[in-house]
Amino acid sequence: MKRLLIADDEEKIRRIIKKYAEFEGYEIEEAEDGMQALDICRKKEFDLIILDVMMPELDGFSTCKEIKKLKDIPVIMLSARGEEYDRIHGFELGIDDYVVKPFSPKELMMRVNAVISRYQKTENTVASQEIPHEIYKREGLLVDFTGRLVQIDGKRVDMTPKEYDLLFYMVRNKGIALTREKLITEVWGYDYFGDDRTLDTHIKLLRSSLGEYRKFLVTLRGVGYRFEA
């Protein structure tokens with residue numbers, strides 16, 4: 001049975017999420033604040049964590065940062081604020097999705113299932129296959145698919161997990177016009193329920209990480225993007 005940790009200081013929110021999650025067969029653990037969530041994570045294993053941004057003792061961002069130091073657990077962030085800064089900050093910390101309150105519990109569970117499925121698929125692929133070393137290089141940009149790293153002019157660049165996924169997909173499909181819908185479907189999963197703001201935020205993060213090689217990410221007005229080098 002898959003296990004979820006729901007960390008939110010609003011009991012009503014926890015109760016609603018728990019109701020829908022248990023209906024889908026999840027085992028639930030609850031936390032009223034960030035410190036309690038962190039303490040629970042030290043002692044128990046979870047398939048995914050749902051974190052509210054505004055919590056007492058330790059806010060969601062800080063809690064996520066500390067949890068990621070301990071374990072590689074997918075995280076979905078809940079927030080009453082949908083500002084781009086908050087989204088960017090969350091994705092920089094390595095969260096997998098960002099949901100703005102008020103939200104549909106049914107849609108939240110669809111996102112939970114999608115994130116867990118992607119993690120399991122990645123783990124199974126790595127465990128069952130011996131992948132030949134695959135590298136792409138153009139000018140001072142080096143993309144190591146197998147090692148899952150990127151170098152710019154010989155220096156390694158640290159990116160968020162989804163930045164890597166997005167860049168790798170675009171490089172593998174270089175020269176091809178990729179619609180926004182195609183990118184969201186292929187990078188986030190066919191059952192991803194995000195919106196254009198999520199894609200735009202990650203494109204902005206990716207361009208920042210690539211520095212002068214952001215020139216390879218071409219915007220196609222009204223269509224999407226293309227990796228052109």
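**Overview**

The chain holds eight helices and 12 strands, where helices (H or I, at least four residues) and strands (E, at least two) are DSSP runs numbered from the N terminus. This is a predicted model, in which local features need pLDDT of at least 70 and side-chain atom pairs count only at pLDDT 80 or more, while totals for chains, interfaces and linings use all residues. Residues are numbered from 1 along each chain as its sequence is written, and side-chain values use heavy atoms, without hydrogens and water.

**Dimensions and contacts**

- The C-alpha trace spans about 55 × 40 × 30 Å along its principal axes.
- Of the contacts (heavy atoms within 4.5 Å) with a separation of 6 or more, 58% join residues 24 or more positions apart.

**Burial**

- Buried residues (under 20% relative accessible area, 1.4 Å probe, protein chains only) make up 50% of the 229 residues.

**Strand 4**

- Strand 4 (residues 75–79) is largely enclosed by the rest of the structure, because five of its five residues are buried.
- In a regular strand, side chains alternate between the two faces of the sheet.
- Val75, Met77 and Ser79 point one way from strand 4, and Ile76 and Leu78 point the other way.
- Strand 3 (residues 48–52) runs parallel to strand 4 and is joined to it by four bridges; pairing requires at least two DSSP bridges.
- Opposite Met77 of strand 4 stands Leu51.
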